[in-house]
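This report goes through one structure for a reader who has not seen it before.

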Amino acid sequence: MRNLIYVNMMRLKKNRIFRAGVAVSMAYVAFLLFMNYQEAADTPETVIRQLNWYFLSTLPVASAFCSVFCGMFLGTEYSDGTMRNKLMVGHTRKEIYIANLFTVYLANAFVYLSGCFVTAVMGTAMFGWNLANPMQLAFRMFSGILMLGAYAGVFTLLSMLIGNKAISATVCMVLYAAMFIGAPFLQTAVFSYYHGASLNHMPSESIRPLLEFLYDFLPVGQELQISGIFIHLYRLPLYSVICIALTTVCGMAVFTKKDLK
């Protein structure tokens, strides 16, 4: 297991998509900070001076990155024969699966934390160490990192089972896009409002518990709650752990029986 993770880390260091993800995450936060700092002189009342928002702003970047990176990174193992080579030298399929999941999760978390690093350094220099409710922010960040693990679990499952790099990357990106587009509609159904939505088309109260569960359980619903208004913030880490466990168990069960041609 240790050797598998080490090999994956060596590949990760050279991976262009990973480097691009880190660069985009850092540049995105730097852009937000710079634009708000520039506006401080003209419209100080509209400037976001508290760093809480900036610390959470790269969660969507890391989530989108995972959908692109996972399919390409793991799909390469099939296309270049690395998967078969690992099995030939004695590694079990479960070890390979866990090592790949850990690598994807680590890359995902690093992309997010690189943006947090820029916020801590650049944001503090511009606005000072200005935090609102630091304990809740720490819990939101903790929940966000676990949420990224849930994304990693879902996309690792798909990438390891599909096998084809192009197809797995496409499926992961389409799935993320569908969840991203559908998330506001789920939020509308749960809160019965979103940007002034009418209540006439809201679902009946009888299915509200199911919608709230999906809003709490699905990573994309968690992402909206962590960054904004939440219903059950303290349930989110538990649901993320359950999602990681379910996708990992299901993924390993199917991958151990997969015919690697």
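Buried means under 20% relative accessible area, exposed over 50%, and partly exposed in between, with a 1.4 Å probe and protein chains only as cover. Asparagine 133, with a relative accessible area of 46%, is therefore partly exposed.

This is a predicted model, in which local features need pLDDT of at least 70 and side-chain atom pairs count only at pLDDT 80 or more, while totals for chains, interfaces and linings use all residues. Residues are numbered from 1 along each chain as its sequence is written, and side-chain values use heavy atoms, with hydrogens and water left out.

Asparagine 133 sits in the loop between helix 6 and helix 7 (134–162). Helices here are DSSP runs of H or I with at least four residues, strands are runs of E with at least two, and both are numbered from the N terminus. The phi angle of asparagine 133 is near 55°, which is a positive value in a residue other than glycine.

**Salt bridges**

A salt bridge is a side-chain nitrogen of Lys or Arg within 4 Å of a carboxyl oxygen of Asp or Glu. The count by this rule is two salt bridges. In one of them, the side chains of arginine 11 and glutamate 77 meet at 3.0 Å, N to O. Arginine 11 belongs to helix 1 and glutamate 77 to helix 4, so this pair ties together parts that are 66 residues apart in sequence. Arginine 11 counts as partly exposed because its relative accessibility is 22%. Glutamate 77 has a relative accessible area of 1% and is therefore buried. Glutamate 77 also meets the side chain of lysine 86 in a salt bridge of 2.6 Å, N to O. Both lysine 86 and glutamate 77 are buried. Through shared partners, salt bridges join Arg11, Glu77 and Lys86 into one network.

**Residue pairs apart in sequence**

The table gives C-alpha to C-alpha distances for three pairs.

| Pair | Apart in sequence | Apart in space |
|---|---|---|
| Asparagine 52 and asparagine 130 | 78 residues | 8.2 Å |
| Leucine 74 and lysine 165 | 91 residues | 7.4 Å |
| Valine 7 and threonine 103 | 96 residues | 10.0 Å |

Asparagine 52 is part of helix 3 (residues 52–56), and its relative accessible area of 15% makes it buried. Leucine 74 lies in helix 4 (residues 59–79) and is buried, because its relative accessibility is 0%. Valine 7 is in helix 1 (residues 2–14); at 40% relative accessibility, valine 7 counts as partly exposed.

**Two helices that cross**

Two packed helices are described by the angle between their axes and the distance between the axes. The axes of helix 2 (residues 16–39) and helix 6 (residues 93–127) come within 8 Å and cross at roughly 25°. Helix 2 is therefore roughly parallel to helix 6, where roughly parallel covers angles under 35 degrees. The crossing of these two helices, helix 2 and helix 6, is right-handed.

**A nonpolar patch**

Which residues make the nonpolar surface patch of about 320 Å²? Ile207, Leu210, Phe213 and Leu214 make it. Patches are made of residues with over 30% relative accessible area and no salt bridge, with like charges joined within 9 Å and nonpolar side chains (Val, Leu, Ile, Met, Phe, Trp, Tyr) within 5 Å. Isoleucine 207 is placed in the loop between helix 8 (165–191) and helix 9 (208–217). Its relative accessibility is 35%, so isoleucine 207 counts as partly exposed.

Notes. Accessible areas come from the Shrake-Rupley method with a 1.4 Å probe; for residues, only the protein chains shown count as cover. Axes are lines fitted to C-alpha atoms, for helices over the stretch in contact, and angles run from 0 to 180 degrees between N-to-C directions. Angles under 35 degrees count as roughly parallel, over 145 as roughly antiparallel, 65 to 115 as roughly perpendicular and the rest as oblique. A crossing is left-handed if the near helix is turned anticlockwise from the far one by less than a right angle, and right-handed if clockwise.
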